[in-house]
Amino acid sequence: MLTASASTPNTRQLIAKSVPVPANWHGVADGMDAAKAAISRRDLDAAEHILKDLIAFAPSETSAWRLLARIQRKLGKIEAGIESATRALKLQNARQMPQTAASTTLARLLWQQGEKEHAIEMLGLLMMRQPEDASLQTLKHEWERETNS
């Protein structure tokens with residue numbers, strides 16, 4: 001019968017490896033607070049930069065992607081905003097029951113991009129999910145006025 005010897009070296013030692021942390025990383029909560037502070041100062045470029053840094057280190061942070069999409073829309077970065085809003089929705093939907101991805105931010109970005117039919121469909125879906133949301137009704141009326149003029 002074979003037995004382990006006390007003199008046998010342990011070749012399976014666990015070595016603790018630390019994850020490299022960038023100098024500008026202070027955590028998700030602090031990053032979101034810094035981005036919101038930049039927004040309150042009306043420094044959208046700084047807020048975008050902060051959020052991109054945050055997402056580089058925490059790419060599954062849905063709220064950061066959502067806020068980044070809003071900022072990019074306000075900065076006129078429509079394509080980037082669509083990508084960010086889509087990423088936020090995919091992350092959100094991965095955590096929920098499967099359903100069609102839709103958000104007001106993405107609908108607005110699609111509208112600005114000229115994909116008005118898709119934007120109107122998404123707005124309709126949002127209104128079915130949240131019929132009491134007055135902001136969705138207002139947006140619908142704005143788009144109807146713009147389409148009819």
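Start with two helices, H1 and H2, which are roughly antiparallel to each other (over 145 degrees). Before you click further, note that this is a predicted model, where local features need pLDDT of at least 70 and side-chain atom pairs count only at pLDDT 80 or more, while totals for chains, interfaces and linings use all residues. Residues are numbered from 1 along each chain as its sequence is written, and side-chain values use heavy atoms, leaving out hydrogens and water.

Now select residues 28–40 for H1 and 44–57 for H2; helices here are DSSP runs of H or I, at least four residues, numbered from the N terminus. Their axes (lines fitted to C-alpha atoms over the stretch in contact, with angles from 0 to 180 degrees between N-to-C directions) come within 7 Å and cross at roughly 165°.

Next, show the side chains where they touch (heavy atoms within 4.5 Å). From H1, pick Val28, Gly31, Met32, Ala34, Ala35, Ala38 and Ile39; from H2, pick Leu44, Ala46, Ala47, Ile50, Leu51 and Leu54. Colour them by type and you get twelve nonpolar, one polar and no charged (Ala, Val, Leu, Ile, Met, Phe, Trp, Tyr, Cys and Pro count as nonpolar, Asp, Glu, Lys and Arg as charged, and the others, Gly among them, as polar).

Trp111 sits in helix H5 and Trp143 in helix H7, 32 residues apart.

Conventions
Parallel < 35°, antiparallel > 145°, perpendicular 65-115°, else oblique.
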